[in-house]
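Here's a quick tour of a protein model for you. Have a look at the sequence and the 3D view first, then read on.

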Amino acid sequence: MIAPSPPRPMGLTDWSLLAFLSILWGGSFFFVGIAVRELPPLTIVAMRVALAALALGALLRLLGSPMPSDRQTWAAFFGMGTLNNLIPFCLIVWGQTQIASGLASVLNATTPLFGVVVAHVLTQDERMTGNRLAGVLIGFAGVAAMIGPAALGGLGDRLLPQVAVLGAALSYAFAGIFGRRFKGMGISPMVTATGQVAASALMLVPVALLVDRPWSLPLPTPAAWSAVAGLALLSTALAYVIFFRVLASAGATNLMLVTFLIPVSAILLGSLFLNERLAVRHGIGMALIAAGLAAIDGRLSARLRQHRSASAAKG
């Protein structure tokens with residue numbers, strides 16, 4: 001069992017960073033949608049982590065922050081890179097070659113549910129509570145409502161790719177718990193982000209070179225290069241710095257709530273910039289997600305209990 005390192009309750013800064021992270025990761029679907037027209041998925045994933053590692057490494061050098069060189073720290077970086085990037089990226093990419101992206105999004109939204117269970121088993125300070133479990137279930141229902149019942153039409157038809165996406169969600173849950181150790185090791189979020197994407201690149205780039213032989217592909221257009229750059233610099237490098245910052249301060253189960261916020265960000269961005277129409281189900285889904293987040297946060301229900309107790313005392 002992982003030793004406790006009690007996260008403090010999420011404040012305004014943590015919620016703001018979580019919302020910003022959801023925008024960065026929600027935007028990754030846009031970048032991937034452009035890049036995948038010209039590049040194989042495995043090459044995109046490898047370029048994503050490699051460019052992110054180069055950018056973060058250059059920034060650390062500019063700031064004068066050295067990277068750790070001891071074997072124990074790099075073993076942790078490789079463990080995090082495997083759980084947080086290598087396994088889920090490959091499972092999701094393979095799964096989405098056979099199932100619709102909407103169904104994949106719903107299945108990926110099980111990450112907080114897995115996270116609550118994994119944290120309960122492996123930690124002492126992020127135990128499962130009734131509020132937390134209820135909030136996760138309500139939030140998951142909100143994601144399903146937003147994406148729409150049509151996305152569930154293929155549920156059960158192709159079992160193996162659906163299990164693959166669920167496996168990716170489970171891997172993300174384990175990654176959230178595994179990543180807690182970096183705070184105890186005294187490693188900053190910037191260094192942790194750099195180390196784990198560098199480790200991921202060292203594992204993924206040789207596989208992409210062997211499988212995709214990218215030098216034999218047609219030269220990508222500027223649009224594809226721009227999409228890969230956005231995916232690497234915004235949705236990976238910057239996103240992971242925020243990821244480890246929130247993980248250190250708010251804990252793994254709170255961090256995984258970003259999975260609920262990603263479809264909200266994607267739909268709102270589509271409405272604002274792509275003139276996509278908001279449907280009634282989107283409003284219902286957002287309301288359910290908000291209710292689920294409020295239940296997990298717990299402060300609203302605590303205030304209601306205090307108010308009832310005060311009213312009963314006066315009566």
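Predicted model: local features only at pLDDT ≥ 70, side-chain atom pairs only at ≥ 80, totals over all residues.

- Among the elements of the protein chain, helix α9 (residues 189–212) has the highest mean pLDDT, at 92.
- At the other end of the scale sits helix α14 (residues 299–314), with the lowest mean, 53.
- Over residues 1–7 the pLDDT stays under 50, though the model still has 23 contacts there beyond four places in sequence.

**The nonpolar cores**

- The largest nonpolar core has 50 residues, and L21, W25, Y240, F243 and F244 have the most contacts inside it.
- Elements giving two or more residues to this core include α1 (12–35), α2 (41–63), α3 (71–95) and α7.
- The biggest giver is α10, with ten residues.
- Leaving aside residues up to four places away in sequence, L21 touches A239, I242, F243, L255 and V258.
- There's also a second, separate core of nine residues, and A35, L39, M47 and A227 are among them.

- At 1.5 Å a residue, the 25 residues of α3 should span 36 Å, and the end C-alpha atoms are 34 Å apart, which agrees.
- Several residues of α3 are buried, including T73, F77, N84, P88 and I92.
- Is T73 buried or exposed? T73 counts as buried because its relative accessible area is 6%, and the cut-off for buried is under 20%.
- T73 lies in helix α3 and touches P68, M185 and I187, not counting residues up to four places away in sequence.

**Helix α7**

- How far apart are the end C-alpha atoms of α7? They are 28 Å apart, which agrees with the 28 Å that its 20 residues (159–178) should span at 1.5 Å a residue.
- Buried residues of α7 include P161, A164, V165, A168, I177 and F178.
- An α-helix has 3.6 residues a turn, so residues three or four places apart point the same way.

Conventions
Residues numbered from 1 in each chain as written. Heavy atoms only, no water. Helix = DSSP H or I, 4+ residues; strand = E, 2+ residues; numbered from the N terminus. Expected span 1.5 Å × (residues − 1). Buried < 20%, exposed > 50% of the residue type's maximum accessible area, 1.4 Å probe, protein only. pLDDT = per-residue confidence, 0-100. Contact = heavy atoms within 4.5 Å. Core = buried A, V, L, I, M, F, W, Y, C linked by side-chain atoms within 4.5 Å.
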